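Student: I've got a structure open and I'd like to go through it with you. Can we take it piece by piece?

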Protein chains: 2
Amino acid sequence: MSFKILKRDKQSSARTGILKTIHGDIRTPVFMPVGTLGTVKTTTPNELKELGADIILGNTYHLYLRPGDKEIKKLGGLHNFINWDRPILTDSGGYQVFSLAKNIRPIICSTGHIRPKNLVKITPDGVHFQSHLDGSRHFFTPEKVVDIQRNLGSDIMMVLDECTSYPCSKKYAIEAMNRTHNWAEKAIEHFHKTVGARRAVPKKSLLFGIVQGSTFKDLRQKSAKFISSLPFDGIAIGGVSVGEGKKEMYKVLDWTIPHIRPTGPIRPIYLMGVGTPEDLLEAVERGVDMFDCVLPTRLARHGTVWYYEKTGGKLNLLNSSNKSYSGPIMKDCQCYACKNGFSRAYIHHLLKENEVLGIRLTTLHNLHFLLDLMRQIRDNIDKGTFLKFKKEFLKNWKI
Amino acid sequence: MSFKILKRDKQSSARTGILKTIHGDIRTPVFMPVGTLGTVKTTTPNELKELGADIILGNTYHLYLRPGDKEIKKLGGLHNFINWDRPILTDSGGYQVFSLAKNIRPIICSTGHIRPKNLVKITPDGVHFQSHLDGSRHFFTPEKVVDIQRNLGSDIMMVLDECTSYPCSKKYAIEAMNRTHNWAEKAIEHFHKTVGARRAVPKKSLLFGIVQGSTFKDLRQKSAKFISSLPFDGIAIGGVSVGEGKKEMYKVLDWTIPHIRPTGPIRPIYLMGVGTPEDLLEAVERGVDMFDCVLPTRLARHGTVWYYEKTGGKLNLLNSSNKSYSGPIMKDCQCYACKNGFSRAYIHHLLKENEVLGIRLTTLHNLHFLLDLMRQIRDNIDKGTFLKFKKEFLKNWKI
């Protein structure tokens with residue numbers, strides 16, 4: 001029983017809880033900053049702790065390719081390698097295989113032959129793909145992906161799934177879902193077989209299953225029922241935020257979550273790849289406990305920050321309107337940049353000049369904004385005022 | 001009397017001292033990290049303080065072009081703009097005008113005409129140049145350069161000088177030196193005329209003169225005598241480290257420093273643009289009090305770090321020999337990276353992947369290495385063991 005509900009909102013499905021891992025407790029609902037290559041871009045582990053990050057995410061696909069899961073295992077596991085002693089969730093690599101690996105540029109061989117573009121081949125056993133880095137060939141199976149995550153020493157592992165793009169035919173959505181279900185069974189079997197089988201990896205890792213089904217109501221319901229019938233430690237909702245639009249995404253949540261079986265111990269629900277403030281609020285209302293997204297760090301690298309004063313939304317600090325603006329990004333913000341008097345004008349200058357400090361400051365601000373929003377969400381659930389808080393927030397929030 | 005000698009080495013010209021500015025005291029000999037565009041690349045002001053930086057340098061040429069000295073003045077001066085409340089030295093822009101501006105790429109106009117490459121024109125009054133950013137035309141005079149630095153609010157200002165490249169004919173070296181001397185007189189006159197004339201700028205800025213003379217003994221002696229006969233607050237040695245080789249540079253110091261007139265209060269001697277560990281030691285021995293150099297930050301951005309265990313020197317962390325090296329950059333180092341257990345293997349991985357954290361860690365390490373070396377130099381001068389320390393250090397140091 002790694003997950004415990006602390007408080008349920010009476011007017012919605014929102015809830016607060018604690019997810020226990022051997023590297024510490026995670027307060028839910030939680031936002032998990034993404035550290036694709038073993039670093040949440042531009043930040044140190046200390047900074048992440050100061051921001052109040054309970055857990056970060058690592059990408060199995062990327063770390064497997066470079067520096068390699070075996071290399072990381074030799075160096076004491078991912079926690080030791082990256083100097084992070086709090087929990088780490090690693091994804092399954094599925095999403096990357098089906099997105100990044102697809103986009104290898106066609107290569108004209110010395111013989112004049114053109115190598116086809118899409119070299120992802122799906123079989124019942126797993127997926128063949130080529131590295132987006134060097135074109136080298138690899139094969140991911142549900143079992144291998146568990147092994148890789150064991151090498152990394154993840155606290156929370158994800159099963160290999162087949163993430164469909166949007167839009168997607170129902171026929172393909174069914175095939176992909178069935179493979180995802182089949183792989184989920186294989187993964188969980190392999191996971192239990194290998195618990196404690198390797199030294200120097202946590203014996204008490206958690207394994208999460210992933211619901212798929214694209215934007216088809218009956219498939220989402222079916223997938224939710226199937227995946228939640230398996231003894232996973234958590235249930236993830238995958239294949240969203242792939243271009244289907246917000247309304248469609250919220251519908252997917254409405255179809256899926258009620259069909260996650262409440263049999264056995266309560267399990268956390270994790271909405272993969274979602275991270276705008278408005279989406280977090282909508283999803284928490286529908287019962288989601290966990291989130292991850294590259295958005296705060298990616299926006300920051302492009303000079304865009306979230307703010308909320310009288311109204312809120314996104315702001316691009318590269319805009320010339322900030323050139324002479326002596327105030328902070330956001331009044332009363334407690335992030336390192338705002339609290340210490342770095343002006344929009346200075347950050348504008350740094351970003352214009354491609355100075356690293358610029359994206360360091362915007363990254364710290366955006367991560368703080370989102371982690372602070374999650375804190376406020378949790379506080380308001382605990383106080384029974386979540387829906388009021390949500391309404392107030394969204395009233396003056398520009399999407 | 002802004003400068004006070006605390007201790008003189010009995011066996012050499014090395015000395016420790018305190019240079020007072022309105023933003024605080026500087027312990028000499030001092031190394032000043034370079035913050036070209038108002039940021040010491042990749043670092044925050046807090047990190048610089050933790051590293052023990054007493055003073056940083058800003059580049060007049062760059063800040064004048066972008067965001068502009070008037071813009072910075074409007075935003076409360078450079079200290080306020082960049083959030084640094086300790087002393088700032090700004091150079092005169094002379095070096096950049098004569099190096100960067102020279103290197104504008106030739107432009108083929110719509111008429112088919114090719115714009116000549118070198119558009120730096122020197123007149124008795126100053127220097128015409130084009131921005132390396134957009135080709136816009138500018139004119140620096142000794143007076144204007146003082147005004148710009150007043151707008152920035154520098155604690156220590158440098159006079160406009162003409163920095164010759166290496167090698168350089170004696171004829172040109174004489175001409176450039178004479179202009180430099182003439183400009184020095186104009187600058188100091190303008191400086192004293194404008195003390196306190198503008199609001200919101202420190203009334204007690206210091207002004208340093210610059211000795212030139214290329215690699216000609218008689219010119220260096222003449223320039224040293226002339227510049228030090230003027231009532232500057234400090235004497236800088238310019239035009240070194242421009243490709244003349246170490247031996248030649250040490251000779252320039254030997255020729256110059258004894259001819260800096262000891263009339264009036266003792267003044268600090270500043271060797272511009274020098275920053276390898278071996279050069280710092282050699283120059284301190286010869287009586288230099290102040291240094292600046294982009295080397296620690298620039299090397300760091302290319303993955304190169306200084307280390308000293310049994311032997312010392314440079315190390316490129318991008319080399320594959322570091323791929324599986326689980327130890328720190330340098331044993332017993334107290335920098336953020338080494339102290340907190342970031343391994344060479346992890347930094348190697350970060351650098352390979354162009355992750356910002358990689359160059360953040362190498363930058364912190366290199367700055368710490370150099371600032372710590374200066375601390376050791378000061379301690380050893382105070383204890384009377386400087387030459388012994390220098391010999392020991394250089395014995396196993398690979399250049």
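This is a predicted model: local features need pLDDT of at least 70, side-chain atom pairs count only at pLDDT 80 or more; totals for chains, interfaces and linings use all residues.

Student: What does A:F208 touch, leaving out residues up to four places away in sequence?

Tutor: Among its contacts are A:I156, A:M158 and A:F232. Then come A:D233, A:G234, A:I235 and A:A236, and the list ends with A:Y270.

Student: In the largest nonpolar core, which residues touch the most other members?

Tutor: As a general point, nonpolar side chains in soluble globular proteins tend to be buried together. Here the largest nonpolar core has 218 residues. The ones touching the most other members are A:F208 and B:F208.

Student: Back to β12(A): which residues point one way and which the other?

Tutor: All four residues in question are buried. A:G234 and A:A236 point one way from β12(A), and the ones pointing the other way are A:I235 and A:I237.

Student: Which strands sit at the edges of the open sheet in chain A?

Tutor: The sheet has 8 strands, in the order β4-β14-β13-β12-β11-β10-β6-β5 of chain A, with parallel pairing. An edge strand pairs on one side only, and here those are β4 (30-33) and β5 (56-58) of chain A.

Student: By how much are neighbouring strands of that sheet turned against each other on average?

Tutor: That figure ignores direction. For neighbouring strands of this sheet, the average turn is 25°.

Student: And what angle does helix α8 of chain A make with β11(A)?

Tutor: Helix α8 covers residues 217-229 of chain A and packs on the sheet. It touches β11 (206-211) and β12 (234-237) of chain A. Its direction makes an angle with that of β11(A) of about 160°.

Student: Why is helix α10 of chain A described as largely enclosed?

Tutor: Buried here means 20 or more other C-beta atoms within 10 Å. The buried residues of α10(A) are A:P277, A:D279, A:L280, A:L281, A:A283, A:V284 and A:E285. Helix α10 (residues 277-285) of chain A is largely enclosed by the rest of the structure because its buried residues number 7 of 9.

Student: Which residue just after α10(B) takes a positive phi?

Tutor: α10(B) is mostly covered, with 7 of its 9 residues buried. Just after α10(B) comes a positive phi of about 110°, and the residue is B:G287.

Student: Is B:G245 buried or exposed?

Tutor: B:G245 lies in the loop between β12 (234-237) and α9 (246-256) of chain B. B:G245 has 11, so B:G245 is exposed.

Student: What about the open sheet of 3 strands in chain B: why do β1 and β3 have a side without a neighbour?

Tutor: The order is β1-β2-β3 of chain B, with antiparallel pairing. β1 (3-8) and β3 (24-28) of chain B stand at the edges, so one side of each lacks a neighbour in the sheet because each has a single partner strand.

Student: Which helix packs on that sheet?

Tutor: The helix touches β1, β2 and β3 of chain B. Its direction makes about 120° with that of β2(B), and its name is α14(B).

Student: How are the two chains related?

Tutor: Chain B can be laid on chain A with an RMSD of 0.0 Å, by a turn of 180° and a shift of 0.0 Å along the axis. That is the relation of a two-fold axis.

Student: Which element supplies the largest share of the side of chain B that touches chain A?

Tutor: The contact takes 28 residues from each of chain B and chain A. On chain B, α3 (69-74), α4 (77-82), α13 (344-352) and α14 (356-383) each supply at least two residues. The largest share is 4 residues, and these come from α13(B).

Methods: Residues are numbered from 1 along each chain as its sequence is written. Chains are lettered from A and ligands numbered from 1 in the order in which they are written. Copies are superposed by least squares on the C-alpha atoms of residues with pLDDT of at least 70 in both. Two strands pair if DSSP finds at least two bridges between them. Axes are lines fitted to C-alpha atoms, for helices over the stretch in contact, and angles run from 0 to 180 degrees between N-to-C directions. Two residues are in contact if their C-beta atoms, placed from the backbone, lie within 7 Å. A nonpolar core is a set of buried Ala, Val, Leu, Ile, Met, Phe, Trp, Tyr and Cys residues joined through C-beta atoms within 7 Å. A residue is buried if 20 or more other C-beta atoms lie within 10 Å of its own, exposed if 12 or fewer, and partly exposed in between; C-beta atoms are placed from the backbone.
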